[in-house]
Amino acid sequence: MNLRGVQSIYLFEMARMWRTLGQSIASPVIATSLYFIVFGSAIGSRMKEVDGVEYGTFIVPGLIMLSVLTQSISNAAFGIYFPKFTGTIFEILSAPLSYVEIIMGYVGAAASKAIILGVLIFITAHFFVDVYVEHPFWMVFFLVLTSITFSLFGFLIGIWANNFEQLQIVPLLVITPLTFLGGSFYSISMLPPFWQKVSMLNPVVYLISGFRWSFYGKSDVSLEVSLLIIGCILLTSILAIRWVFKSGYKLKN
Amino acid sequence: MNAMITISNIDKVYTGGFQALYNINFDIQKGEIFALLGPNGAGKTTLIKTICGLTTPSSGHITVNGFDIIKDYRATRSLIGLVPQELTTDAFETVWKTVSFSRGLFGKSPDPNYIEKILKQLSLWDKKDNKLMTLSGGMKRRVMIAKALSHEPRVLFLDEPTAGVDVELRKGMWQQVRELKETGVTIILTTHYIEEAEEMADRVGVISSGKIILIEEKNKLMKKMSNKEIRLSLTPPLSAIPSSLASYNLKIEGNDLIYKYETSESHKIYKLFELLKIENIEISDLQTHESSLEEIFVELVKK
Ligand SMILES: Nc1ncnc2c1ncn2[C@@H]1O[C@H](COP(=O)(O)OP(=O)(O)OP(=O)(O)O)[C@@H](O)[C@H]1O
Ligand SMILES: [Mg+2]
């Protein structure tokens with residue numbers, strides 16, 4: 001095991017985050033604060049409670065997930081796309097590193113950033129609303145698992161993308177709509193029956209539901225189903241990445 | 001001497017169907033400087049990438065120091081340093097950081113003294129805190145070399161290392177390559193500057209259209225292929241070659257008489273001049289010419 005190699009990639013990627021502090025940390029935190037102001041204050045003042053939780057408080061887990069999801073994906077995608085784009089990836093691929101180690105470095109860093117961000121938003125939320133966590137262990141578990149899962153997914157996008165446009169397109173056209181429709185700002189039970197059914201096709205619903213349950217003990221779907229869905233996404237991503245490295249897809253010609 | 005790299009039956013067909021290498025077979029010896037020559041698109045880079053694990057061979061095997069490059073990739077890659085043909089650098093990193101990063105990537109513990117040494121050797125020490133985007137092309141090239149050397153490789157691939165490096169620094173790099181060789185490092189370089197191969201290499205391999213067409217010790221190659229030439233300017237010119245000189249490979253070209261011979265025949269020159277004197281042929285000027293590796297190379301590739 002070339003742990004030093006993994007560490008080198010990890011630290012290199014984390015250093016990139018400090019260099020681009022504004023982009024990677026400040027902007028999501030500011031955006032979330034704006035959500036609190038717009039959704040929490042403006043809408044929350046008219047809509048008192050959802051599932052017995054005050055509206056401003058209710059949206060906190062969803063908002064954290066929203067940022068964690070998008071940031072995991074874009075961090076990991078950019079992290080591997082950039083060396084592929086500049087050509088510096090040759091060094092990574094010619095180093096004595098297994099593909100698992102390469103992934104540990106890149107995905108580990110992307111997931112770490114997402115987790116740090118999630119914690120920052122969690123802290124920020126305290127300035128706006130009352131937040132409490134009923135199941136801290138599960139809360140951390142969901143946060144870490146989601147970060148890793150979607151960093152893996154982002155890594156795949158980074159390998160697949162041939163240009164910056166493609167790099168943005170999946171997060172923008174797929175992930176953002178799914179997260180907004182995934183119950184960040186409402187409970188699925190508030191929808192008409194037909195749209196409730198449609199929502200069940202959206203994997204993000206399960207993530208947010210499980211995460212919100214760890215905060216307030218209330219969820220749209222059961223914990224087991226949430227875990228199962230995340231597990232499936234994780235497994236699919238792992239298998240896809242395994243295939244990418246075994247076949248050399250877009251990495252080795 | 002024993003082999004450091006053994007290449008057996010390597011074919012490479014790129015996705016898309018283009019075959020870049022055809023049944024490549026040869027060894028690179030421990031501690032030698034091997035120059036791989038060939039025109040653009042011959043397959044030099046493809047071969048190097050294959051050995052370094054950046055492309056997968058379509059068939060065949062390669063071992064480095066006895067280890068298979070696919071099965072024992074950790075062992076082989078730890079031994080190899082690669083300076084690729086293209087300049088690819090992390091624009092926002094400093095020289096020091098990027099070189100230290102490479103060392104870590106290869107699993108080696110930090111060694112600031114060693115990094116300092118190679119940066120000094122490559123005349124990069126005063127640039128160590130500069131971001132790579134502020135360096136010139138030649139400096140970036142040297143940073144690439146420093147990165148490749150950062151993990152103390154036993155085999156060094158230099159894919160056109162001196163492209164874009166000025167003459168003085170190029171000489172310095174040659175010197176450094178020789179010093180590396182002294183420490184036992186095996187060096188494989190590709191170059192378009194034939195004089196580089198002529199100056200540096202122990203052995204030369206010529207590749208053309210994906211096929212190795214020649215592998216030879218440089219000195220032997222030079223000797224074997226070297227046709228020497230003496231060009232004599234005559235006053236007045238000859239209209240025909242006198243019969244007494246018939247045994248010599250002579251040709252008349254305007255005012256000049258050209259004698260082509262191989263190194264092994266050089267003893268016949270003295271006699272030729274004697275005969276010319278007897279024939280009363282007056283020589284007003286004399287030029288000699290020896291074919292360089294470049295000419296040999298052009299001739300080989302033409303075939
Ligand atoms: N990724 C690739 N996909 C398809 N064909 C490729 C690829 N890389 C190289 N080739 C082709 O393989 C052949 C050999 O290329 P290679 O880069 O090995 O040549 P080279 O000898 O290094 O040339 P140069 O002296 O110009 O660097 C060329 O015809 C090139 O077009
Ligand atoms: Mg090349």
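This is a predicted model: local features need pLDDT of at least 70, side-chain atom pairs count only at pLDDT 80 or more; totals for chains, interfaces and linings use all residues.
## Ground rules

Local features need pLDDT of at least 70 and side-chain atom pairs count only at pLDDT 80 or more, while totals for chains, interfaces and linings use all residues. Side-chain values use heavy atoms, with hydrogens and water left out; residues are numbered from 1 along each chain as its sequence is written, and chains are lettered from A in the order in which they are written.

## Where chain B meets chain A

Let's start with the two chains. Here 30 residues of chain B are in contact with 23 residues of chain A, contact being heavy atoms within 4.5 Å. About 2,400 Å² is buried between chain B and chain A, and carbon and sulfur atoms give 57% of that. Buried area is the accessible area (1.4 Å probe) that two parts lose on being put together, summed over both. On the chain B side, Leu54(B), Arg74(B) and Leu105(B) lose the most area to chain A, together 25% of what that side buries.

The rule finds three salt bridges across this interface, each a side-chain nitrogen of Lys or Arg within 4 Å of a carboxyl oxygen of Asp or Glu. The side chains of Glu93(B) and Arg19(A) meet in a salt bridge, at 2.9 Å from N to O. As for helices (DSSP runs of H or I, at least four residues), α2 (73–79), α3 (95–105) and α5 (137–149) of chain B each supply at least two residues to the side touching chain A.

## A look at Thr89(B)

Thr89(B) sits in the loop between β6 (80–83) and α3 of chain B; strands such as β6 are DSSP runs of E, at least two residues long. Leaving out residues up to four places away in sequence, Thr89(B) touches Thr88(A), Leu132(B), Lys140(B) and Met144(B).

## Two domains in chain B

Chain B splits into domain 1 (3–222) and domain 2 (227–302), with bounds from an automatic or database domain assignment. Their C-alpha centres lie 42 Å apart. In this interface, 14 residues of domain 1 of chain B are in contact with seven of domain 2 of chain B.

The domains bury about 880 Å² between them, with carbon and sulfur atoms giving 84%. Ile194(B), Leu221(B) and Met222(B) supply 46% of the area that domain 1 buries against domain 2, more than any other three residues. The count of salt bridges between these domains is zero.
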